[in-house]
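The sequence and the coordinates are shown below, followed by the commentary.

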Amino acid sequence: QVELVESGGGSVQAGGSLRLSCAASGDTVSRYCMAWFRQAPGKEREGVASISNGGFSIFYIRAVRGRFTISQDSAKNTLYLQMNSLKSEDTALYYCAAAPRGDCPPSGPPSQYQYNYWGQGTQVTVSS
């Protein structure tokens, strides 16, 4: 069973960048499809980006396409989310999540119900 720990959140001004990391332990990320989610106060958890095991299929929601990049480093057993041109509406608690490769969701907006393992979250605050 994989365990996930996010880091890299912080406070930035609009237009700035952050790189989130999700370190995995207990298993290798290459055995999982993974995704980043975010949840703003008073809102539902929203899938932001997903990557299939092996990285062959990547999906972004429209709101972040062209600004965010999801990637994984198998050697470091870590998932990343590079966030550029940040906007105030990107402010949220960001989570990484994993689904075993046998249960990988189809391509499309990630749903929290499709992922079995979760980190504790890292806060991103963007001020305008």
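Asp-90 is located in the loop that connects S8 and S9. The model is a predicted one. Which class does Asp-90 fall into, buried or exposed? Asp-90 counts as buried because its relative accessible area is 0%, which is under the 20% limit for that class. Its side chain is joined to that of Arg-38 by a polar contact of 2.9 Å. Leaving aside residues up to four places away in sequence, Asp-90 touches Arg-38, Arg-67, Phe-68, Ser-85, Val-124 and Val-126.

One of these contacts, Ser-85, is also in the loop between S8 and strand S9 (92-100). Ser-85 is partly exposed, with 41% relative accessibility, and its phi is positive, near 50°. A second residue other than glycine with a positive phi is Asn-77, at a value near 55°. Asn-77 belongs to the loop between strand S7 (68-73) and strand S8 (78-83) and is buried, with a relative accessible area of 13%. As background, most residues other than glycine have a negative phi.

**Strand pairing**

S3 pairs with strand S1 (residues 3-7) in the antiparallel sense, over five bridges. S3 also pairs with S8, again in the antiparallel sense, over six bridges. Ser-21 takes part in both pairings: Ser-21 is the bridge partner of Ser-7, and Ser-21 stands opposite Tyr-80 in S8.

In soluble globular proteins, nonpolar side chains tend to be buried together. The largest nonpolar core in this model has 31 residues, and Met-34, Leu-81 and Met-83 touch the most other members. Strand S3 (18-25), strand S4 (32-39), strand S5 (46-51), strand S6 (58-60), S7, S8, S9 and strand S11 (122-127) each give two or more residues to this core. Not counting residues up to four places away in sequence, Met-83 touches Gly-16, Ser-17, Leu-18, Leu-20, Arg-67, Phe-68, Tyr-94 and Val-124. A second, separate core has six residues, among them Ala-35, Phe-37, Ala-97 and Ala-99.

**Aromatic cluster**

The whole structure contains four aromatic pairs.

| Pair | Centre to centre | Angle between planes | Class |
|---|---|---|---|
| Phe-37 and Tyr-115 | 5.6 Å | 75° | edge-to-face |
| Phe-37 and Trp-118 | 4.8 Å | 55° | tilted |

Phe-37 is buried at 0% relative accessibility, and Tyr-115 is buried at 7%, whereas Trp-118 is partly exposed at 25%.

Ring pairs link Phe-37, Tyr-95, Tyr-115 and Trp-118 into a cluster. Which ring faces does Arg-45 lie over? Arg-45 lies over the face of Tyr-95, at 3.9 Å from the ring centre, and over the face of Trp-118, at 4.8 Å from the ring centre.

Note on methods
Residues numbered from 1 in each chain as written. Predicted model: local features only at pLDDT ≥ 70, side-chain atom pairs only at ≥ 80, totals over all residues. Heavy atoms only, no water. Helix = DSSP H or I, 4+ residues; strand = E, 2+ residues; numbered from the N terminus. Buried < 20%, exposed > 50% of the residue type's maximum accessible area, 1.4 Å probe, protein only. Core = buried A, V, L, I, M, F, W, Y, C linked by side-chain atoms within 4.5 Å. Contact = heavy atoms within 4.5 Å. Polar contact = N/O pair within 3.5 Å; in protein donor to acceptor, adjacent residues only side chain to side chain. Pairing = 2+ DSSP bridges. Phe/Tyr/Trp six-rings, centres within 6.5 Å; stacked < 30°, edge-to-face > 60°. Lys NZ or Arg CZ within 6 Å of the ring centre and 35° of its normal.
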